[in-house]
Amino acid sequence: MKAVIIEADDWQALYINGESVEQDHKLGNGDFLLILKIAEKYGFTADELSCFWAEEEDLEEAYDNGCFPHKLSELKGTYE
């Protein structure tokens, strides 16, 4: 399993195996325990999680669309 969090100024998206499963201003409302519950819900560990700041071209698209795309592969940046 691979979990990726992409962050923008005020938006975060969680991708599991390349699919967006949650997007919000702050995943888990910024609460560490809720982030652990999200990990438990989707079955990933800290070792399987990567976090990235969105690259400029993806930031612009997220602002225009109000969210990140459903598939991680639709982003222009490299997030691995």
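**Contacts and surfaces in a predicted model**

Glu-22 has a relative accessible area of 22% and is therefore partly exposed; on this scale buried means under 20%, exposed over 50%, and partly exposed in between, with a 1.4 Å probe and protein chains only. The structure is a predicted model, in which local features need pLDDT of at least 70 and side-chain atom pairs count only at pLDDT 80 or more, while totals for chains, interfaces and linings use all residues. Residues are numbered from 1 along each chain as its sequence is written, and side-chain values use heavy atoms, with hydrogens and water left out.

Side chains of opposite charge can pair when their charged atoms come close. A salt bridge here is a side-chain nitrogen of Lys or Arg within 4 Å of a carboxyl oxygen of Asp or Glu, and by this rule there are three. In one of them, Glu-22 is the partner of Lys-41, and the closest N and O atoms are 3.6 Å apart. Because Lys-41 belongs to helix H1 and Glu-22 to strand S3, this pair ties together parts that are 19 residues apart in sequence. Helices (H or I, at least four residues) and strands (E, at least two) are DSSP runs, numbered from the N terminus. With a relative accessibility of 58%, Lys-41 counts as exposed.

Another salt bridge joins the side chains of Glu-19 and Lys-71, at 2.7 Å from N to O. It links distant parts of the chain, since Glu-19 is in strand S3 and Lys-71 in the segment after H2, 52 residues apart. Glu-19 counts as partly exposed at 27% relative accessibility, and Lys-71 likewise counts as partly exposed, at 35%.

Glu-61 and Lys-76 also form a salt bridge, with their closest N and O atoms 3.0 Å apart. This pair links distant parts of the chain as well: Glu-61 lies in helix H2 and Lys-76 in the segment after H2, 15 residues apart. Their C-alpha atoms are 9.7 Å apart in space. Glu-61 is partly exposed, with a relative accessible area of 29%, whereas Lys-76 is exposed, with 54%.

A pair of aromatic rings is described by the distance of the centres and the angle of the planes. Rings of Phe, Tyr and Trp (its six-membered ring) pair if their centres lie within 6.5 Å; planes under 30 degrees apart count as stacked, over 60 as edge-to-face, and the rest as tilted. A search of the whole structure finds one such pair. The ring centres of Phe-52 and Tyr-79 are 5.7 Å apart and the planes stand at 65°, so the arrangement is edge-to-face. Phe-52 lies in strand S4 (residues 49-53) and Tyr-79 in the segment after helix H2 (56-65), so the contact ties together parts that are 27 residues apart in sequence. Tyr-79 counts as buried because its relative accessibility is 4%.

Leu-59 lies in helix H2 and is buried, with a relative accessible area of 8%. Its C-alpha atom is 27 Å from that of Lys-41, a residue 18 positions away along the chain. Ala-39 is found in helix H1 and is buried at 13% relative accessible area. Ala-39 and Trp-53, 14 residues apart in sequence, are 20 Å apart from C-alpha to C-alpha.

Helix H1 (residues 32-42) also contains Leu-36, which counts as partly exposed because its relative accessibility is 43%. Together with Phe-32 and Leu-33, Leu-36 forms a nonpolar patch on the surface, with about 340 Å² of accessible area in total. Patches are made of residues with over 30% relative accessible area and no salt bridge, with like charges joined within 9 Å and nonpolar side chains (Val, Leu, Ile, Met, Phe, Trp, Tyr) within 5 Å. The areas come from the Shrake-Rupley method with a 1.4 Å probe; for residues, only the protein chains shown count as cover.

One backbone feature remains. Most residues other than glycine have a negative phi. Asn-17, by contrast, has a positive phi near 50°, and is placed in the loop between strand S2 (12-16) and strand S3 (19-24).
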